[in-house]
Amino acid sequence: MNRLYGPLDDVAGDAGHVEHPPRVGFFTDTSVCIGCKACEVACKEWNAVPEDGLDLLGMSFDNTGMLGADSWRHVAFVEQPRRTAHQDPAFAGLPTGPSGIPETAGAVEPRLEAAPRGGSELGTNPLPPGGPEPQELGMPGFSRPGDLTGPESRTDFRWLMASDVCKHCTHAGCLDVCPTGALFRTEFGTVVVQQDLCNGCGYCVSGCPYGVIDRRQHDGRANKCTLCYDRLGDGLEPACAKACPTDSIQFGELDELRERADRRLAQLHDLGVSEARLYGRDPDDGVGGDGAFFLLLDEPEVYGLPPDPHVPTRDAPSMWKRAGQAAAAFLLAGAAAFLAGGRR
Amino acid sequence: MNSDCIVIMGSNMAEAHPVGFQWVMEAKGRGARVIHIDPRFTRTSAVADTYVPIRAGSDIAFLGGVIRYVLDNDLDFREYVAAYTNASFLVSEDFADTEDLDGLFSGYDPRTGAYERDSWYYEGTEPPRDDDGSRAKTFSEPFQAGASGAGVAGAHLAERDPTLQHPRCVFQVLKRHFARYTPEMVERVCGTPQEQFLDVCRAWTTNSNRDRTTALVYSVGWTQHSVGAQYIRAGAILQLLLGNIGRPGGGVFALRGHASIQGSTDIPTLFNLLPGYLAMPNVAHTDLDAWMADQRTGGHKGYGYDVDAYMVSLLKEYFGDAATPENDFGFDWLPRIDGDHGTYRTVMDMIDGKVSGYFVLGQNPAVGSAHGRLQRLGMANLDWLVVRDLNEIETATFWRDSPEIETGEIVPERCRTEVFLMPAASHVEKEGTFTQTQRMLQWRTKAVEPSGDRRSELWFAYHLGRLVRERLAGSTRERDQPMLNLAWDYATEGGHDGTGEWVEPSADDVLRRINGYDLTTGDLLPDYLGLKADGSTSCGCWIYSGVYAEGVNQAARRKSHTEQGPYDAEWGWTWPMNRRVLYNRASADPEGRPWSERKKLVWWDADEGAWTGYDIPDFPRNTPPGHRPPEDATGPEALSGDDPFIMQPDGKAWLFAPHGLLDGPLPTHYEPHESPVRNPLYGQQGNPTRKVYGRPDNPSNPAPPEAGSEVFPYVLTAARLTEHHTAGGMSRQLPYLSELQPALFVEVSPELARERGLTHLGDAHVVTSRSAVQARVVVTDRMAPLRIDGRVVHQVWLPYHFGHTGLVSGDVVNDLFGVVEDSNVFIQESKVATCDVRPGPRPRGPALRALLDEVRAAAGITVETGTRIATAPGVAHTEEGS
């Protein structure tokens with residue numbers, strides 16, 4: 001049961017691996033991330049992921065933009081005129097004016113909108129130098145919740161950093177919709193693409209609730225984090241976790257990571273960091289829990305993560321049910337018509 | 001990791017030292033409070049508990065304020081201070097403080113811009129025979145005092161007042177000196193709001209006592225100032241007052257800037273030092289005895305007294321059998337200093353035609369050194385230049401693509417310099433050691449053979465020496481004897497191809513020779529205690545002796561931390577003698593008992609009759625705590641049982657430095673060479689001994705009280721990004737790093753952006769009297785204006801990694817800085833200057849020179865600007881012919 005959504009204790013077994021090692025994953029504790037981007041570099045180096053654009057994005061220190069075919073790790077940098085509970089106000093008492101974040105967001109947003117694919121190719125193509133005047137588009141953009149709440153004279157400030165990666169979902173939307181079997185569930189419970197089987201149909205791109213998987217421009221094939229499948233096979237931890245100097249990215253058996261994350265969360269709550277929360281930890285969420293989950297210091301949207309992701313197949317039963325009802329109704333109607341016609 | 005509080009100042013540790021920063025995060029996870037004091041809110045601030053803003057170049061005012069807070073509220077660790085520092089020593093009656101002389105100490109000579117330091121001595125001691133402050137300023141003499149200690153003869157005769165009440169005791173002198181560094185004054189000078197300043201004071205002091213310790217971390221944000229050595233002095237004084245030296249979780253951490261830059265000062269590439277911080281002889285040292293006498297002006301106590309053994313063993317290593325007692329062990333074959341041969345002086349001498357050749361190894365001065373234009377013009381006036389690097393860096397291509405081509409100052413067809421670019425092997429293509437920030441040597445093995453023509457530095461130096469010696473063979477000229485007498489007989493491991501002329505020298509053999517041998521038995525030495533002055537031992541660097549103890553490459557040890565004690569003594573090897581915490585005798589009280597169970601490190605074991613503990617004791621092993629040496633004892637035998645500072649001539653840590661510094665026995669806030677404000681503390685504006693080079697090609701922006709400073713109203717500072725490495729030679733060529741920081745940008749606050757009409761991601765140019773640099777604008781809340789002495793002052797920041805070659809390129813930020821130096825150690829002031837910021841791209845070619853002429857005229861800049869280093873007498877220190 002629960003093969004389409006909800007908790008699933010043995011993902012690898014469910015995928016047909018009879019004897020298999022325990023499920024592994026990442027716990028990314030963003031509260032100790034220093035934004036060094038060693039994870040991005042180690043990932044590209046190990047997996048030979050190509051360089052994808054030398055463009056200054058103006059989004060704080062983030063010049064990667066988002067996860068994509070050529071960025072399997074992405075460190076987000078979020079500047080906010082507010083503070084975390086344990087931090088003191090950074091600029092109290094200084095002759096400051098209003099926050100500059102609305103202005104910088106205003107300069108970045110139209111450039112993203114003017115880009116050919118609406119910014120989804122961030123970090124893959126140079127963006128146009130200028131762009132139209134800022135306009136309210138009524139959609140999530142560079143300005144995030146909390147960004148625009150600063151008082152006239154700014155005092156509080158914080159700089160959040162978080163290394164994002166493929167979530168290796170319990171119920172992986174990409175895998176469920178792949179028609180060629182290029183995407184598969186490994187014996188470690190992770191999700192991997194085999195490029196030689198990928199036909200570039202792109203169903204997986206729309207199937208991913210996090211917008212992680214992406215096709216490479218030159219050959220159209222899908223690419224994403226493999227959780228260093230080759231390294232796992234040799235008993236090594238993934239390159240990003242190995243390179244992380246502060247252990248923000250922790251690799252291990254998922255059950256153990258979840259316990260560790262729970263302890264860390266409790267510790268932070270004890271320290272008064274009430275904003276701390278886990279993301280992707282819950283097996284009852286819309287994807288059955290993530291293999292790569294996070295400790296965040298604000299709402300997921302602040303980091304560019306969807307607040308309530310769910311796998312498309314979660315809706316499959318109800319879709320089938322409705323489709324079945326519709327079909328039954330159609331049959332009924334047809335039969336009625338036939339009967340009616342027969343009486344004629 | 002053992003700290004209860006960590007203060008990071010003058011350092012962006014998370015960004016510039018991310019690997020070491022893991023231990024800060026580890027300590028934070030254990031409950032330590034992390035405080036970051038910096039002009040910018042950086043990635044270090046982002047994970048600190050407290051970020052405290054400060055104006056670049058005002059750190060002594062801040063630290064002086066904390067010192068005053070400690071002394072005023074009796075928060076010093078009194079037992080530690082009284083026993084282990086020179087707080088109780090009386091200072092000469094002739095001494096006059098900055099309080100008395102409006103920012104100068106006694107002994108200042110405005111003509112030479114230097115101090116005669118006779119009046120700074122302890123009561124009852126004799127100043128050395130010929131203390132010549134101006135000569136010392138030429139040789140960077142304080143830098144040479146490392147191995148032998150700063151000289152105070154007869155320190156044991158100094159009068160003391162153990163109650164610390166005598167008006168002329170160091171403790172009281174200190175109190176008076178810092179009396180005016182009030183929280184109000186700190187706010188006026190630094191721009192740091194008083195409440196935040198006091199919060200730091202409280203955190204620092206409540207976390208410094210018997211049970212708790214605070215660590216202080218700094219980097220080049222402290223050193224690269226015209227008064228940089230005194231920044232570090234201020235930090236050290238504070239840590240001593242609070243008892244945070246020699247104890248677990250305490251300390252002053254000098255974070256080094258590159259892999260093994262620590263190693264390159266231990267076994268130096270500096271003009272005035274020999275390995276192990278032995279002073280390079282100068283022209284007055286006609287023989288070994290003359291040199292030795294100069295080293296021992298520091299009296300007779302401590303390990304500094306044994307410099308004869310260190311020097312003779314070094315000469316035996318250099319010259320082998322040719323070094324004999326009869327020929328002074330070849331002392332005459334060592335070069336002599338006859339003036340300032342520092343890197344900036346050398347570059348100016350190139351421009352002046354006094355230098356014909358230049359080796360540049362692992363450095364990119366065209367981008368990485370202050371005043372890039374000066375560097376490039378100097379290199380354009382050589383006969384030959386050898387550049388060894390991984391890539392074809394700007395220093396090798398300046399003759400065809402430097403900014404001076406555009407302005408017509410360098411013409412490729414007429415540039416006379418012949419450039420030899422030698423490809424270098426990378427760190428994975430050669431073996432050897434790195435010495436890191438913690439003084440730890442770690443051996444690396446070679447992962448792959450160097451590709452193509454790449455070769456190791458060892459190979460280059462070995463064969464260069466070999467070829468020169470072959471050319472000189474048979475020469476009887478005196479000048480050739482040093483080369484011919486070198487023991488140039490290193491073991492080799494076969495050539496690049498395994499055979500032939502171009503063999504690879506053995507790094508292992510070099511490390512053995514650095515460790516040193518007992519020449520009578522041929523055995524490797526166990527440590528430096530065995531070094532002799534009679535020529536029976538050899539040692540390439542006395543502080544490294546022991547790295548090959550017992551025939552084992554100690555630097556190659558890799559025992560897991562799970563398999564050994566808390567100080568990981570079997571991971572790598574730390575100089576000296578594998579001690580992890582220097583001066584750790586101070587972790588125990590005068591009776592030899594740990595100050596507390598929680599901060600236990602080293603203690604006296606009466607049953608064993610020896611010092612013992614978790615770390616290797618930094619003290620004579622069997623000298624008991626209560627020991628008092630006989631009058632005639634010398635060297636280590638002259639140390640009392642409560643003299644933890646074993647390299648000092650008095651065994652005590654110096655709150656007041658009676659000798660050794662050229663710009664004062666105590667740190668004093670001076671404004672940077674270029675500052676938008678008048679010094680609020682004293683009439684004296686800047687460091688009165690700073691080294692200025694008044695030349696037309698090295699102009700200074702005016703600073704008050706000179707007129708014209710308003711032309712450059714902003715404080716300029718530059719530093720690193722995590723994503724690039726220093727001058728970019730190792731990162732701008734790599735796609736995975738270049739894409740992460742692809743362009744030069746200038747960070748400005750929203751307030752400054754509005755004031756100057758700068759738009760996010762638009763172009764701007766930063767202007768000084770030296771150059772204008774174009775950068776993309778990054779408007780960020782991480783930058784904030786400060787209120788200094790009643791007016792709003794803005795700071796701007798740029799990363800200095802960019803140059804004109806590589807995958808990503810940009811203007812050279814170091815072109816903005818001029819050359820002005822700290823007088824003690826000749827470090828350039830490249831962490832603070834003044835500037836203007838203007839929207840739009842900079843002018844190019846001749847128009848750039850025109851812009852600079854225009855701003856210099858507007859500011860009234862002449863060759864004398866900035867060279868009147870003593871504010872009151874106002875003697876200009878310009879160069880001859882300028």
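Tutor: Let's take chain B, which is split into domain 1 (5-254), domain 2 (584-639) and domain 3 (691-858); such bounds come from an automatic or database domain assignment. Before we go on, note that this is a predicted model: local features need pLDDT of at least 70, side-chain atom pairs count only at pLDDT 80 or more, and totals for chains, interfaces and linings use all residues. As for labels, residues are numbered from 1 along each chain as its sequence is written, while chains are lettered from A and ligands numbered from 1 in the order in which they are written.

Back to those domains. The C-alpha centres of domain 1 of chain B and domain 2 of chain B are 26 Å apart. Eleven residues from domain 1 of chain B and eleven residues from domain 2 of chain B make up the contact between them, where two residues are in contact if their C-beta atoms, placed from the backbone, lie within 7 Å. On the domain 1 side of chain B, the residues touching domain 2 of chain B are four nonpolar, three polar and four charged. Here Ala, Val, Leu, Ile, Met, Phe, Trp, Tyr, Cys and Pro count as nonpolar, Asp, Glu, Lys and Arg as charged, and the others, Gly among them, as polar.

Now for a sheet. In chain B, five strands make an open sheet with parallel pairing, in the order β3-β2-β1-β6-β7. A quick word on names: helices (H or I, at least four residues) and strands (E, at least two) are DSSP runs, numbered from the N terminus, and two strands pair if DSSP finds at least two bridges between them. At the edges of this sheet sit β3 and β7 (252-254) of chain B, each pairing on one side only. Let's zoom in on one pairing: β1 (residues 5-9) and β6 (residues 214-218) of chain B run in the parallel sense and share four bridges. Within that pair, B:I8 has B:V217 in β6(B) as its bridge partner.

From the sheet, hop over to a helix. B:F62 belongs to helix α4 (residues 59-72) of chain B. B:F62 is buried, because 25 other C-beta atoms lie within 10 Å; the cut-offs are 20 or more such atoms within 10 Å for buried, 12 or fewer for exposed, and partly exposed in between, with C-beta atoms placed from the backbone. Which residues touch B:F62 once its neighbours within four places in sequence are left aside? They are B:I37, B:I54, B:V186, B:C190 and B:T192.

For contrast, look at B:D74, in the loop between α4 and α5 (78-84) of chain B. B:D74 counts as exposed, because it has 7 C-beta neighbours inside 10 Å. Its phi is also positive, near 50°, even though B:D74 is not a glycine. Most residues other than glycine have a negative phi, and most peptide bonds are trans.

One cis bond runs from B:W575 to B:P576, with omega near -10°, and B:P576 lies in the loop between β20 (573-574) and β21 (602-605) of chain B. Another cis bond joins B:P704 and B:P705, with omega about 5°; B:P705 is in the loop between β23 (691-692) and β24 (714-719) of chain B.

One more helix is worth a check: α20 (residues 457-472) of chain B. After α20(B) comes B:G474, with a positive phi near 85°.

48 residues of chain B are in contact with 43 residues of chain A. Among the elements giving two or more residues to the chain B side are α2 (18-29), α9 (194-206) and β27 (772-779) of chain B. The most comes from α2(B), with five residues. By class, that side of chain B has 29 nonpolar, nine polar and ten charged residues.
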